[in-house]
Amino acid sequence: MISRSFLPLAVAGAVGLGGLTLVAGPAEAARPERTVPVRLLTINDLHGNLEPPSGSSSRILDPNGPLVDVDGKLTGIVGGKYSIAGGAAFLAAHVKQRQDANTLLVAAGDLIGASPLISAAYHDEPTLEVLGQMGLAASSAGNHEFDEGYTELKRLMNGGCHPVDGCHPDSPWAGTDFDFLAANVVKERSGRYALPPYFIKRVNGVKVGFIGLVTATTPTIVSSGGIQGLKFTEEVAAANKVSRMLARAGVKAQVVLVHEGDQITPNQDPSACSVTPGAGSRIASGLDPQVDVVVSGHSHQAYICKATDPAGQPRVYTQGSSFGRVLTQIDFKVDRRSGDVVRSSVVAGNHVVTRDVTPDQPVGDTVTKWRARSEAIANKPVGKISADVGTGAAPSGETPLGDLIADSQLEATRTGGNAQIAFMNPGGVRAPLTFAGSPANEGDGVVTYGEAFTVQPFNNLTQVITLTGAQLKTVLEQQFVGGPNNQPFTRILQPSANFTYTYSKSAPWGSKVSNMKIDGVAVTDTQSIRVAVNNFLVGGGDAFAEFKNGTDLWSGPLDIDAFVAYLGGHSPVAPPATNRITVVD
């Protein structure tokens, strides 16, 4: 463990200069000899992708790319150039190529969670080991850092053995040499920060402060049980509080690492600014003028933009795609006298992590070590499919794989939980099952544990609750925009085969759902129904607030175990028809 540059707020606030120094002013007029260079290299949303990602997860538009999309099917642009990118050893090589004595590597969250089996099988300790080898200095927390709960996140940071699965294979896990930062996560009872809110590092003789933020929507997209007792506050106000404190302590060069971002116009140069203003732009524009640079994540997009701060000054705002495919480089100068960033000196660019470089040997060796440990688990056959089981949605919003998972969870919870129907949240289905599969199964429809895990990497519990028919209708209404649950966009729950219903595209919220049936029998408002869902939905995840009103909770196996058992018990599994939901105008 290294000593981290985080002081308690009361201490840091007491040693400051008092008052707030804005970016505009003397720093802008700094003479060259009064400034020193600083370079930031940034990543986001790695999601434990230690091995080079494959398929669509490996491709990225690249003006300098060696490959050409001749028909527009891969990148969306006929004739568009692209590269195959990513892989931890290649990422480490690109970092080394671009770093000098003035460089810090920092990140904007979701480095772990929803990870491939090579990392997830060991609770993402492999990814954190690799990031330590790369010299990561700090990262904001992302929502996926909370996938296994706050207590587990603290264990990963501080060290120790997993409470269920035991110790790291080499020795007890030593913890990270960096912190996950979150200025907008506090403990409900005390109001104290749950994670360090900032990190200060002296670079080239000047102090640079990093403020971490996680999306305030985290409680709606992670399992509630893991974050009990925590409060996720609005991002801008939380960051501005810390920014003012840092300024009083003499830390005028400030960078916000925020796990929130914007969507973009598809198929753009990674360094273009093609964002559709959303939560990320709101934060980038609203932060205190003392903040000089905003590094974002969460939306898995690549962009280099400039937002206008409240003082009317331009402020660089970036994001670097996902899965280690892009490395963002940000260069700026800091005035020695004021300690502030010369805002006009900030230059940023996104650089594709191509695979035409020699991979970093130490990181490559670490990845090889963890691959060998996970292969026996990953390559174990668990069942067969008769054809591709995809994630493409029918007009109703159903997908073959989502329906199949719902069927598996119903089967796993009938005995013990007395489940009558089941639902799967669409966002929890992370990849399709293909008949060709991985090289390990020789393209004969065999599904390996690793492939099944890639579909469902969250290790959620299957659970059963009792809802009335009226409550069940409310749940289904909550799939749509316009209700008091503030669903941001339509999310169609994937139903088990024995549950059917109709929804109207034109009917108002509250009257969209009708004709609900279980095993062909109409559902009444007053009947009690045992409903199987995962613990994420039971906690109200994805804005399905009505699930929280369920009663008689029963917990069953992990979702991945239910899925694996179903594949093994029904092989070969055929793609189910997506005919469980009827849509009318």
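## Cavities, rings and a helix

By the rule used here, the count comes to one cavity of 30 Å³ or more. A cavity is a set of points on a 1 Å grid over the protein atoms alone where a 1.4 Å probe fits but cannot get out. Grid points are joined across faces, edges and corners, and a volume is the space filled by probe spheres set on the points. The largest cavity holds about 180 Å³ of space. It is lined by 17 residues, and those closest to its centre are Gly 113, Ala 114, Asp 124, Asp 147 and Glu 148; a lining residue has an atom within 4 Å of a point. By class, that lining has seven nonpolar, five polar and five charged residues. Here Ala, Val, Leu, Ile, Met, Phe, Trp, Tyr, Cys and Pro count as nonpolar, Asp, Glu, Lys and Arg as charged, and the others, Gly among them, as polar.

A quick word on the ground rules: this is a predicted model, where local features need pLDDT of at least 70, side-chain atom pairs count only at pLDDT 80 or more, and totals for chains, interfaces and linings use all residues. Residues are numbered from 1 along each chain as its sequence is written, and side-chain values use heavy atoms, with hydrogens and water left out.

Now for a pocket, meaning an open set of points with protein on both sides within 12 Å along at least five of seven lines. The second largest pocket has a volume of about 530 Å³. Of its 22 lining residues, Arg 59, Ile 60, His 300, Gln 301 and Arg 325 are the closest to the centre. The largest share, three residues, comes from β2. The classes here are eight nonpolar, eleven polar and three charged.

His 47 sits in the loop between β1 (35-43) and β2. With a relative accessible area of 2%, His 47 is buried (buried is under 20%, exposed over 50%, partly exposed in between, with a 1.4 Å probe and protein chains only). Its C-alpha atom is 4.9 Å from that of Ser 115, 68 residues away along the chain.

On to the aromatics. The whole structure has ten aromatic pairs, where rings of Phe, Tyr and Trp (its six-membered ring) pair if their centres lie within 6.5 Å, and planes under 30 degrees apart count as stacked, over 60 as edge-to-face and the rest as tilted. Two of them are tabulated here.

| Pair | Centre to centre | Angle between planes | Type |
|---|---|---|---|
| Phe 178 and Phe 180 | 5.4 Å | 70 degrees | edge-to-face |
| Phe 423 and Phe 499 | 5.5 Å | 80 degrees | edge-to-face |

Phe 423 is in strand β21 (residues 421-424) and Phe 499 in strand β25 (residues 499-504), so their pair ties together parts 76 residues apart in sequence. Phe 423 is buried at 1% relative accessible area, and Phe 499 is buried at 0%. Ring pairs also link Phe 423, Phe 499 and Tyr 501 into a cluster. Phe 178 and Phe 180 are both buried too.

Finally, helix α10 (residues 400-417) has 18 residues and should span 26 Å at 1.5 Å a residue, which agrees with the 25 Å between its end C-alpha atoms; the expected span is 1.5 Å times one less than the number of residues. Of the 18 residues in α10, 13 are buried. Asn 418 follows α10, with a positive phi near 55 degrees.

Technical notes. Helix = DSSP H or I, 4+ residues; strand = E, 2+ residues; numbered from the N terminus.
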